[in-house]
Amino acid sequence: MSELRVTPLHPVLGAEVGGVDLGAPIDEPTRAALGRALGEHLALVFRNQVLTPAQYLAAGAAFGAPMEQHYSQHNMPDHPLIGLIWHRNGQEPAEQWHTDHTNRERPPAATLLHGVEIPEAGGATSVASMRAAYLGLAAEERQRLESLTTFNGLDGHADTRAEDRAKYGALVEHPMVRTHPVHGSKAVYFHISKTAHISGMTAEASRAYMADLLDRMIRPDIVYRHAWRKGDVLVIDNRATMHRAHGDYDRRQSRVLWRIIVEGDRPRLA
Ligand SMILES: [Fe+2]
């Protein structure tokens with residue numbers, strides 16, 4: 001097993017992992033340790049990684065099997081399991097808080113982002129602990145959320161191709177609070193623009209409630225803001241976080257991240 005060093009980057013979430021070369025094979029004990037570290041810290045940062053697409057996919061597999069993404073127009077042509085986040089060809093920064101691909105029955109456990117081209121200033125990725133957000137709610141509201149589910153699809157996502165909507169657009173139901181399969185803790189779980197509606201609520205009331213929740217729950221103290229350096233790999237635990245991009249950079253400069261999402265469990269509340 002390699003000498004893993006896990007150093008917290010923030011009081012609530014986020015840790016830097018040293019002593020691992022993601023370009024080399026990752027043995028089973030290291031894989032297990034990384035899985036535990038992810039469940040505990042929710043965002044892991046690996047610095048100075050030099051990776052080919054194939055090496056990056058192999059590293060991603062340490063966190064779960066890489067999954068197909070539904071923005072197929074941005075897939076890397078020779079490695080379609082890697083999506084390009086690059087804000088070109090009509091792609092806009094995802095500035096709304098969200099967790100990825102909730103329209104899947106088994107949404108991705110984790111999202112990996114690799115910083116390939118980084119602007120001089122701005123363009124960070126922020127990650128919020130939805131475990132801390134859950135604990136910050138009043139007991140009555142935690143109870144209310146535990147009784148609700150969301151119905152997730154791709155309606156309104158005009159930036160997806162018809163073929164992707166046909167494959168991945170059918171509504172999928174998820175609990176609004178889910179129990180982390182590794183850590184055992186609870187976290188608030190929803191995607192405001194993938195949710196067609198919350199159980200027993202109209203689409204409009206659902207949207208208003210989720211917007212209000214985001215406003216109240218995501219306070220600066222539960223957010224780790226990742227300022228990118230070229231060569232970084234950021235691994236985000238989608239089961240207990242939300243994330244967003246910051247579009248506050250000079251668009252004449254290039255920001256290119258390679259994205260992998262990896263298979264997770266069906267969300268459940270235990
Ligand atoms: Fe995302």
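# Getting to know this chain

Colleague: Where is the place of His101?

Modeller: Helices (H or I, at least four residues) and strands (E, at least two) are DSSP runs, numbered from the N terminus. On that count, His101 has its place in the loop between E5 and E6.

Colleague: Before we go on, what pLDDT do local features need in this predicted model?

Modeller: Residues are numbered from 1 along each chain as its sequence is written, and side-chain values use heavy atoms, with hydrogens and water left out. This is a predicted model in which totals for chains, interfaces and linings use all residues, side-chain atom pairs count only at pLDDT 80 or more, and local features need a pLDDT of at least 70.

Colleague: Thanks! Is His101 buried or exposed?

Modeller: His101 has a positive phi of about 50° although it is not a glycine. Buried means under 20% relative accessible area, exposed over 50%, and partly exposed in between (1.4 Å probe, protein chains only). His101 has a relative accessible area of 1%, so it counts as buried.

Colleague: And Asn48, is that residue buried or exposed?

Modeller: Asn48 also takes a positive phi, of about 55°, without being a glycine. It belongs to the loop between strand E3 (43-46) and helix H2 (53-60). Because its relative accessibility is 64%, Asn48 counts as exposed.

Colleague: Which residues coordinate the iron ion?

Modeller: Donors are N, O and S atoms within 2.8 Å of the metal (3.2 Å for Na, K and Ca); water is not among the atoms, so sites may look incomplete. The donors of the iron ion are spaced as H-x1-D-x142-H along the chain. At 2.1 to 2.2 Å, the iron ion is held by His98 (NE2), Asp100 (OD) and His243 (NE2).

Colleague: How many residues apart in sequence are the parts that His98 and His243 tie together?

Modeller: Both histidines are buried. His98 lies in the loop between strand E5 (79-85) and strand E6 (110-117), while His243 belongs to strand E15, so the pair ties together parts whose separation in sequence is 145 residues.

Colleague: Why do the buried residues of H6 lie on the same side?

Modeller: The buried residues of H6 are Ser206, Tyr209, Met210, Leu213, Leu214 and Met217.

Colleague: Which exposed residues does the face of H6 turned away from its buried side carry?

Modeller: Contact means heavy atoms within 4.5 Å. The buried residues of H6 pack against helix H3 (130-135), helix H4 (139-146), strand E11 (186-188), strand E12 (195-198) and strand E15 (241-245). The face turned away from them carries Glu204 and Asp215.

Colleague: How far apart in space are Met176 and Leu145?

Modeller: Met176 is in the loop between strand E9 (172-175) and strand E10 (177-179), and its 0% relative accessibility makes it buried. Leaving out residues up to four places away in sequence, its contacts include Leu145, Ala187, Met210 and Leu213. Met176 and Leu145 are 31 residues apart in sequence, yet from C-alpha to C-alpha their distance is 5.9 Å.

Colleague: And how far apart in space are Ser199 and Met210?

Modeller: Ser199 is in the loop between E12 and H6. Apart from neighbours within four places in sequence, Ser199 touches Ser147, Leu148, Thr149 and Phe151. Ser199 and Met210 are eleven residues apart in sequence, and their C-alpha distance is 13 Å.

Colleague: Which residues of H1 are buried?

Modeller: Helix H1 (residues 28-41) reaches 20 Å from its first C-alpha to its last, close to the expected 20 Å. Its buried residues pack against strand E1 (5-8), strand E2 (15-18), E3, E6, H3 and strand E14 (233-237). They are Thr30, Ala33, Leu34, Ala37, Leu38, Gly39 and His41.

Colleague: Last one: what radius of gyration does the chain have?

Modeller: The chain holds six helices and 16 strands, and 57% of its 270 residues count as buried. The radius of gyration is taken over C-alpha atoms, and the globule rule is 2.2 Å times the number of residues to the power 0.38. A compact globule with 270 residues would be near 18 Å, which agrees with the chain's 18 Å.

Terms used:
The expected span of a helix is 1.5 Å times one less than its number of residues.
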